[in-house]
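Here is a friendly walk through the model you have on screen. Keep the viewer open as you read.

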Amino acid sequence: VDVSSLTDSSTSSYKFTKSSNGINYYGAQGYGGSIPSATTPGAIDIKFVSTSTKESGKAQYTGSTIEEWRTPDGFTFGNEELAGIWVAKFETSSSNPTASSGGGNDTSLDPIIKPNTTIWRSITLANMFTNSQKLTTAGNRYGLSTSADSHMMKDSEWGVVTYLSQSKYGKYGNTNYTGSNKEIYNNNHANYQSGCSSGSPDANSSSSCAYTYEKESSGTGASTTGTIYGAYDFVGGAIYHTMANYNDNIAKSGFSTLPESKYYDKYTSTNNATACNGSICYGYALSETSGWYGGVHGNLSSSTPWYKRGSIQNSGSASSIFAFDAMASAGGTNGVVGYRIVLVP
C-alpha cells in the first residue's frame, strides 16, 4: 500500500502566531507568503515533542494575545499517545475501479491506494468504515501486520494533515511556491481520477487530467508538501466523509450502532465554537481555520450529523483543504463522496 508518513518520530504540537502586521491570527508571515488573511493565510508553527508530552494550552487565531502550544487530538488513539500516524497517499479506490462510481456500495471489494485510478464513491459511510479496516485484517492482500489498525479518517486526523501542510514542513514552507500558489492545487478531474492536479489553485472542473501526480511543480503542487512525497487529493477529487458525528446521530450512514469511540470524533454541539464539550475543537481544522483559502464552512445538525471535508472537483475558488460542511446525504450513498484511510502502528 502506498502510504505517506506526515509525522516525525515524535508527536507534533502546533501554535498559531500573530502576523507581522500585528492585527490578526491567520498564521505568521513567512516563506515568501503575503500578509496573512483569510484568503492568503500564513504559517502554522509546528514543533515536535515526546509522546509523553501532551500540551493542552489554547491555540487559536483570534484574540489579543499569542496563545500556547497544543498537541492535536489526532495523535491520541483511545488511551494511547502516538508518535505519529500513516495517511494513505491518495484517496481510496477499489479493487474493481471500472465498476459504477469506482466500486459503489460494496463490501466485497478491497480498498486500493494508488494514483490514476477512479476514486471509490456511492458507498454508505458504514461500508466505508468496514472497508477501511481491511488493510490490517488477517490475510489482507497487502501483507500488512494485523497488529496495526487501519480505519477511516477522523476529523482530528484530518486536522493533523491540514496543519502540517500549512507549516514549514508542508507546502506552505516549500520555497518552490510563492503567494497564492502556496495553496494546495486542486484535483479538478471531472471523472474523479486519483492523483490529478489542475496545476493551480481554484481551477474549474476539467474532463481530463491536466497533470499527473509526479509532474514537478504542476503535478506535485497538488500534494500536502508540494513534492511527490506528500499526500494527494486533499483538495478536489471526490469530497470526503470523515468519521466525525454530531451527538451519535446515525442518520443514513448504515450503522446499526456506532463503533468504539476511538474510531470517531463526537461533537456535542452544532456550533463549531462549542462543539467539543462546550469549547473549540482545537486541532480539528474547524473554528481555528474557518474560511481559510475561501473554503466552505458550515455546521452539523441533528438531520445532517456527518461532516464532509476538503472540496469536490468542481469547487473552483471555494476549494480548500480547510473546507468543511454538513453532508446533505447524511452518511448515505452519494456519487461525489469518497474517503481516506489512516493506519495506526
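Helices (H or I, at least four residues) and strands (E, at least two) are DSSP runs, numbered from the N terminus. This is a predicted model, in which local features need pLDDT of at least 70 and side-chain atom pairs count only at pLDDT 80 or more, while totals for chains, interfaces and linings use all residues. Residues are numbered from 1 along each chain as its sequence is written, and side-chain values use heavy atoms, with hydrogens and water left out.

Let's begin with alanine 38, found in the loop between strand S2 (11–15) and strand S3 (45–49). With a relative accessible area of 26%, alanine 38 is partly exposed (buried is under 20%, exposed over 50%, partly exposed in between, with a 1.4 Å probe and protein chains only). Leaving aside residues up to four places away in sequence, alanine 38 touches Tyr26, Gly291, Trp292, Tyr293 and Gly294, where contact means heavy atoms within 4.5 Å. Glycine 294 is 256 residues away from alanine 38 in sequence, yet 6.9 Å away in space, C-alpha to C-alpha.

Zooming out, the protein has 2 helices and 15 strands, and 59% of its 345 residues count as buried.

Two lysines have a charged end over a tyrosine ring; the rule asks for NZ of Lys or CZ of Arg within 6 Å of the ring centre and within 35 degrees of the ring normal.

| Charged residue | Ring | Distance to ring centre |
|---|---|---|
| Lysine 171 | Tyrosine 177 | 4.5 Å |
| Lysine 182 | Tyrosine 172 | 5.2 Å |
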